[in-house]
Amino acid sequence: TFPGVEYIKDKVMKHGVYEKPPKAIVLDASHFADCDYTMVQGISQICDYFAKHKYTFVIAGCSVSQGR
């Protein structure tokens with residue numbers, strides 16, 4: 001996987017799962033740019049993990065740019 005995706009996954013898991021009790025996580029995506037398929041798959045894996053374990057995971061600050 002792309003190193004940026006691994007970095008985000010590591011940070012989310014460290015701060016949301018490995019601490020006891022598990023916390024709700026809000027991922028600020030306001031500075032994400034040019035998200036590709038790999039990035040979407042990584043975020044999807046995080047979402048799936050949290051849903052499976054009934055943790056709260058929110059992605060905030062997303063925007064869609066119209067062309068370049």
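The protein chain exposes about 5200 Å², of which carbon and sulfur atoms supply 57%; accessible areas come from the Shrake-Rupley method with a 1.4 Å probe, and for residues only the protein chains shown count as cover. This is a predicted model, in which local features need pLDDT of at least 70 and side-chain atom pairs count only at pLDDT 80 or more, while totals for chains, interfaces and linings use all residues. Residues are numbered from 1 along each chain as its sequence is written, and side-chain values use heavy atoms, with hydrogens and water left out.

**Figure 1. The chain as a whole, with its order of elements α-β-α-β from the N terminus****.** Of its 68 residues, 24% count as buried, a term for under 20% relative accessible area, whereas exposed means over 50% and partly exposed lies in between (1.4 Å probe, protein chains only). Among contacts (heavy atoms within 4.5 Å) between residues at least 6 apart in sequence, 71% join residues at least 24 apart.

**Figure 2. The pairing of strand 1 with strand 2****.** The two strands pair in the parallel sense over four bridges; pairing requires that DSSP finds at least two bridges between them. Ile-25 stands opposite Phe-57 in strand 2. From strand 1 the chain crosses through helix 2 to strand 2, and this β-α-β crossover is right-handed: with the strands pointing away from the viewer, the path from the first strand over the helix to the second runs clockwise.

**Figure 3. Ser-30 in the loop between strand 1 (25–28) and helix 2 (37–52)****.** Ser-30 counts as partly exposed because its relative accessibility is 37%. Its side chain is joined to that of Asp-28 by a polar contact of 2.7 Å; such a contact is a pair of N or O atoms within 3.5 Å, where, within protein, one must be able to donate a hydrogen and the other to accept it, and residues adjacent in sequence count only if both atoms are side-chain atoms. Beyond its neighbours within four places in sequence, Ser-30 is in contact with Ala-60 and Gly-61. Ser-63 is 33 residues from Ser-30 in sequence, yet their C-alpha atoms are 7.1 Å apart in space.

**Figure 4. The aromatic cluster of Tyr-49, Phe-50, Tyr-55 and Phe-57****.** Rings of Phe, Tyr and Trp (its six-membered ring) pair if their centres lie within 6.5 Å; planes under 30 degrees apart count as stacked, over 60 as edge-to-face and the rest as tilted. By this rule there are three aromatic pairs. Phe-50 and Tyr-55 form an edge-to-face pair, 5.7 Å centre to centre with 65 degrees between the planes. Phe-50 and Phe-57 form a tilted pair, 5.2 Å centre to centre with 35 degrees between the planes. Phe-50 is buried because its relative accessibility is 1%; Phe-57, at 15%, also counts as buried, and Tyr-55, at 23%, is partly exposed.

**Figure 5. Lys-54 in the loop between helix 2 and strand 2 (57–60)****.** Most residues other than glycine have a negative phi. Phi of Lys-54, however, is near 60 degrees, a positive value. Lys-54 is exposed, since its relative accessible area is 74%.
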